[in-house]
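Please read each point with the model open.

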Amino acid sequence: MTVNMLYAAALIDPLVQSNFHIVHSVRHAYPLHGHDFYEIFIVISGQCTHLINGDVQLLKEGDMVFIRPDDTHGYDLLEGKDCQFLNVNFYKEVVEGAFDYIGHAAFAQALRSPQLPPVVQLPGTDMEALMRKSEQIQLFNSTDKQKARTMARSFLSDALTHFFLHFRNDSTQALPQWFDQLLAQLQRKENFSAGLPRLRELTDRSDGHLNRVFKQYLRMTPTAYLNHLRLGHAKNLLLTTQLPIVDIAYDAGFDNLSHFYHLFKDAYGIAPGKIRNWQ
């Protein structure tokens, strides 16, 4: 069977080093092909069969897949049902540079080396956030290529973070099942924005026990972890919407605006009001 090869030099704008498009049906996708660049795609509706390296993956809505250079893949219907997916491609050196920045060789190897590409299931709110960010790549591609390039790298950073959260290094201590489930629940905006009272509702562990477990496995207090999730949510809204900063702070769960400003600048090295110009 003939396998088409796709090349970054022909398909990706060198000023942006990335591109974005939505495939509305597997019938419109490239047939079986390989390429010399990285690709991240997200199934945004439906389900499909992913033909990959001589094997298959069954994908459903919310699945995000990390395709490596030299992977050979294509798509087919799954039980007669179609799917729609968004696709973001990256120059090889952009992703390799992101791996270097993360500085976690085992994680990079875990994404590069398996026979089948890594897949993670995105919560609905996270999928929507990545979709908005990917659409901005397309928007800025025709008006401001520097912004398009920055938004593409922001998308890549967020996507790799999701893969990293699912990464399990055999040399590290496994999380207790109850704690792993608690952390999964805390990813929901309605939970992390509600703060410590909601955390206590989600588990029957005492405050002292929670403090010990958070410090043991995450090296931070429950409050610090909740603030980490809130700040990430606020940063995404700052980069992808024009909502007033005060509304974003309250939406993320911060009742004190000056406290939000202090935590945000401490976490990201830049004030909330400047990050929109920074991108």
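Does Val23 count as buried or exposed, and at what relative accessibility?

1. Val23 counts as buried, at 9% relative accessibility; buried denotes under 20% relative accessible area, exposed over 50% and partly exposed in between, with a 1.4 Å probe and protein chains only. Val23 belongs to strand S2, residues 18-23. Helices (H or I, at least four residues) and strands (E, at least two) are DSSP runs, numbered from the N terminus.

2. On the basis of the model: this is a predicted structure, in which local features need pLDDT of at least 70 and side-chain atom pairs count only at pLDDT 80 or more, while totals for chains, interfaces and linings use all residues. Residues are numbered from 1 along each chain as its sequence is written, and side-chain values use heavy atoms, with hydrogens and water left out.

3. Apart from neighbours within four places in sequence, Val23 is in contact (heavy atoms within 4.5 Å) with His28, Ala29, Cys83, Gln84 and Phe85. The C-alpha atoms of Val23 and Cys83 are separated by 8.6 Å, although the two are 60 residues apart along the chain.

4. Ser134, in helix H4 (residues 124-141), is buried, with a relative accessible area of 0%. Neighbours within four places in sequence aside, Ser134 is in contact with Phe20, Leu86, Val88 and Phe155.

5. In helix H11 (residues 245-252), the buried residues are Ile245, Ile248, Ala249 and Ala252. These lie on the same side of H11, because they cover an arc of only 100 degrees around the axis, taken from the directions from the helix axis to the C-beta atoms. Gly253 follows H11 and has a positive phi, near 110 degrees.
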